[in-house]
Amino acid sequence: MSQPEYTTAQATALTNHDRKPIHIPGSIQPHGVLLALSTQLEILQVSNNTQVYLGKEPEDVLGRSLSYLIDPRQVEIVKQCLGKKIGTANAFKVLINTLNGERYFDAIAHRTEEAVILELEPTDSESEVSFLSFHALAGEAIAKMQRTSNLVEFLYLVAEEVQKIIGFDRVMVYQFDESEAGSVVAEVKREDLSPYLGLHYPATDIPAQARELYTRCFLRFLPDLTAEPIKLIPTENPTTHQHLDLSYCLLRSFDRCCTEYHQNMGVKALLVISIIQEQKLWGLISCHHQTPKYVSYEVLKMCEFLGQIVSSELAHKISYSEWDYKVKLKSLQSEFLESISQADNFIDALIKPEIRLLDLVSASGAAVCLDNEINLVGTTPNIHEVQALIEWADTQVSDNLFSTDSLPKLNSEALIFKDTASGLLLLRISKVRRYYILWFRPEVIQTVHWAGNPQESIQAQADGSYTLSPRKSFEQWQETVRLTSLPWKPCELDSAIALRNAIVGIVLSKADELAKINLELERSNQELASFAYAASHDLKEPLRGIYNFSTVLLEDYAQVLDDEGIECLQTVVSLSVRMETLINALLRLSQLGQAQLRLQATDLNELLNQVIDVFRASRQDSGLVDIRIPRPLPTVLCDRVLVNEVFSNLLGNAFKYNDKAEQWVEIGYFSQEAGVEGDKENNQCPIPITPYPQRGPHHPQCPIFYIRDNGIGIPQHHLETIFRLFKRLHSQEKYGGGAGAGLAIVKKIVELHNGKIWVKSTVGVGSMFYFTLE
């Protein structure tokens, strides 16, 4: 089957498969009992195995009140589901009198649109909770997750910790890509099993309907794939005359295709935990066992809880990684646009030094075309090939921005220079003039390792239709992908558009050039602040769930845990609070990016007195605080609230990072017109006084403020990095901890005032922070 034929067949087969109503199978797995109840808690449907577990035939149970089986107190717990949203479960232990005597069950109740569903799974434990061993593992796992910044190491750690809890033969972390196919990105397995790490799986392996259920239901457990399903009696709900929706049921039976697929892999038991990002299915923690294996309900809830922690921590790492790269691009963009605006020669500003134009979108080569003049930078096709490429683009591209990571597949003539330009990002600066910037990326030959030939799952029928069938083989099958480059990221495309908008202003009107660039940078900064706000805001929801869940366990189940178990839960709560501190810092920084300054003439002496009063009131050792102000501070035009935050942060840090017996801090300023040297006699301090750093234009009348101390000092190689978000030079246990965001916030406030901040320091002697408010 050719690639186009396969693509068509795959789409047809997936459409047919996605129509299968897998959420209403009309049956359950045999390791428990299911009861479907009316809103009056009358038993409308039961699974056809009540005799096995309850010692009662289905016809003896149907039509009766739930109180026929369980006591009134437990009936009230089930009734509470009526007031909850669909899918929210109540879980409790229940003791039922059967023909074989009293028997304990794990009871899980939730409601659907048409019924209340009660699942009963037999258990040997009458204890309500057995979380102790899990929280010992969870506390250690959370600490490890926070220590690692490498995504691959993090995902391997996830697989390792889940395997410790459930003891399955193989635990994998499976990640979806843009095409809804996926790959195994982490794996922990029994030594004698073949590895699946790095193997790719087509979208047909987990069709859309299954992915949608994984998005709603965070856990799917199939302890015995060889077991025969148990039918519901009657088949349809007698009230609605519809099949019962079992989407949120742990006991929901499995699709035949799912059974055959996993049995072809040699799997007899399956546990799947969803990983959710931004309310979308990012991936799965997929656990396989070679023999049937039952896991208790308590352990399943442990796995679900760990999955929520993984989703939360993963969101933080992904967001921080994207944030870091976006900040890098924005910084490059800002410097690049500034140099263009000040340059006499527009071409030279674009291509010299050449690496700036390439780094702007992470390209290996670029071509700048202004009418008939073409300048090449880096590794590119030759002049004639670039000219032909622009001619082709004029007929094919209607937008100002065009990108592809497989140019030779769109333009056969590009096969000649695939080694340098399999990827193309084309920016049209003007539709009137032939002004273009083209960026290139080389071909990256990729060997994709599939878990078996993906085309085997698509089978043609006699009538010409296609159906989806489980593959028989999962042996590694290689496919070589050619004529493609690394894909262009959305933030890189945004960077190119931002460049175009700035260049248009420069080319059309030099007079309003700076205004247009500032407007574009303001838009870019707002987008960056919005990204930080959205990322950190979205992190709060799963974090609240973790915190609330842990708090409920401490409040309601502390009596069944020993001291070690309680300590583990307290650790989870503490770490949740720590994570919330980091998120709040990120939110604060993003809010500053969108803040409007409220400038007013401000007496800094009055403002500083308020800061000091608050500071002394917050310290128990206020009698030891020595704050020196050699001379009155000036009145300046500033945002009073934000500058208060600057002084508060710097003053707090000065005493926080001080291990001297006699601690002091000095706050003052220098007059730029008189020169820093001219003010030396007013300020006796072992820290050297340095002039204003030449980092761009500044107002000559603007005073330079300083805050210096006799604290521990800062190593020379850290003097720039301390202003980075979440950058701490010491562990959480030293110097009172903290989020590592204070100096980043101070820097942002100072820059909002068009000022600069810098520091000089000597280790063991002290530090001196300078800043201006222009």
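Predicted model: local features only at pLDDT ≥ 70, side-chain atom pairs only at ≥ 80, totals over all residues.
The structure holds 21 salt bridges. One of them joins Arg190 to Asp169, with the closest N and O atoms 3.3 Å apart. This pair links distant parts of the chain, 21 residues apart: Arg190 lies in the loop between β8 (182–189) and β9 (200–201), and Asp169 in the loop between α6 (151–166) and β7 (170–176). Arg190 is partly exposed at 34% relative accessibility, whereas Asp169 is buried, with a relative accessible area of 10%.

A salt bridge is also formed by Glu751 and Lys747 (2.6 Å, N to O). Because these residues are 4 apart in helix α20 (residues 742–752), about one helical turn separates Glu751 from Lys747. Both are partly exposed, Glu751 at 40% and Lys747 at 28% relative accessibility. Glu391 belongs to helix α12 (residues 383–396), while Arg434, 43 residues away, is placed in the loop between β17 (423–430) and β18 (435–441).

Glu492, in helix α15 (residues 490–508), is buried, with a relative accessible area of 2%. The side chain of Glu492 reaches the backbone nitrogen of Lys489 at 2.8 Å. By contrast, Asp563 in helix α17 (residues 563–593) counts as exposed, at 67% relative accessibility. Asp563 gathers with Asp562, Glu564 and Glu567 in a patch of negative charge on the surface.

Conventions
Residues numbered from 1 in each chain as written. Heavy atoms only, no water. Patch = residues over 30% accessible without salt bridge, like charges linked within 9 Å, V, L, I, M, F, W, Y side chains within 5 Å. Areas by Shrake-Rupley, 256 points an atom, 1.4 Å probe, with all protein chains shown as cover. Salt bridge = Lys/Arg side-chain N within 4 Å of Asp/Glu carboxyl O. Lys, Arg positive; Asp, Glu negative; His and termini not counted. Charge placed at Lys NZ, Arg CZ, Asp CG, Glu CD. Helix = DSSP H or I, 4+ residues; strand = E, 2+ residues; numbered from the N terminus. Buried < 20%, exposed > 50% of the residue type's maximum accessible area, 1.4 Å probe, protein only. Polar contact = N/O pair within 3.5 Å; in protein donor to acceptor, adjacent residues only side chain to side chain.
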